[in-house]
Amino acid sequence: MMDNVSSMFFLSGLSETRNYRFIIFFLTLLCYCTILVINSILIVTIIIDKTLHEPMYILLCIFCMNGLYGSSGFYPKFLWDLLSPVHVISYSGCLIQALVMYSFACSDLSILAVMAYDRYLAICRPLEYHSLMSKQRLVKLVCFSVITPFCIMSTNIFLTSRLKLCGRHIARLFCVNWIIVLLACYPADTTLNNIVGYITIIFYVLHGAFIVWSYMYLIKTCVNSAENRAKFMQTCVPHLASLLTFLVTVLLDIMYIRYGSRDLPQTVQNFIAIEFLIIPQIMNPLIYGLKLKKIQHRILRFLNIKIS
């Protein structure tokens, strides 16, 4: 048994990549800079252009901000580890990293659910859209999407912090709440963690079910209307692409953490672990920037002004 507060965790996910760490460092730095630049361009474009101050674009702005929040929980520490001979993190730092990473992931799903609701109202109930998606309701939905995941994951992390741990090695590139729980000296003490963990999973599976239902209803509604089909292709296809990218990457990570084989090569384990931090953060701004014409035109105009 060890003293949690003063202890350090050893992150062993980089153990097989020592010979390539400088190449990985520059590739990771390039990836992080790309994420910062493309998300920031989208955020700044939406903030400074008043014609984009509509619910769909405001939600997109929050979506990109959340991506930057999640990236900040991983990339700076990972880049430091690539240049350091010893890969360690303090107990409190580990809990904070786990909180940031998974509150970001849960918030992403909540924002996607609100986006689906917004598109449902815009296409299926256009005459009531502005009354149902008022500024006050939009603020409430955004707060729900950001604050609720943070509170839920804070509860999970708090339950983990009360456990006495008998291990210090985490075979990952970053701290994962469930892996910290598995280090508990007494498995019986983790019962509450399991219960709250499964409740959290069910809660966000319901988010996913709501999103699927929304788009099934939208597809059914749009089939018989050329105008609605055009709206769907223009504004809903980017949402669906973001949703599929997010769900596939996160579900792979969750399934591997809970039920995956430890016989997989460390490189494969690392890819499964970080794909939800790389693929969605790069793909989402590109998908929205290329597909939403209004965003595309504003970004090009913004870049031309800056260049000139």
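What percentage of the 308 residues in the protein is buried? And where does S110 lie?

Mentor: First, the ground rules. This is a predicted model: local features need pLDDT of at least 70, side-chain atom pairs count only at pLDDT 80 or more, and totals for chains, interfaces and linings use all residues. Residues are numbered from 1 along each chain as its sequence is written, and side-chain values use heavy atoms, without hydrogens or water.

Now your first question. Buried residues make up 50% of the 308; buried means under 20% relative accessible area, exposed over 50%, and partly exposed in between, with a 1.4 Å probe and protein chains only. The protein has eleven helices and three strands. These are DSSP runs, numbered from the N terminus: helices are H or I with at least four residues, strands E with at least two.

On to S110. This residue lies in helix α4, residues 91–124. The UniProt record, an unreviewed entry, lists 95–117 among its "transmembrane region" spans. Such annotations may be inferred rather than shown by experiment. That span is 100% helix, and its end C-alpha atoms lie 33 Å apart.

S110 counts as buried because its relative accessibility is 1%. What surrounds S110? Beyond its neighbours within four places in sequence, S110 is in contact with S145, P149, Y204 and H207. Contact means heavy atoms within 4.5 Å. With H207 there is also a side-chain to side-chain polar contact, at 3.4 Å. A polar contact is a pair of N or O atoms within 3.5 Å; within protein, one must be able to donate a hydrogen and the other to accept it, and residues adjacent in sequence count only if both atoms are side-chain atoms.
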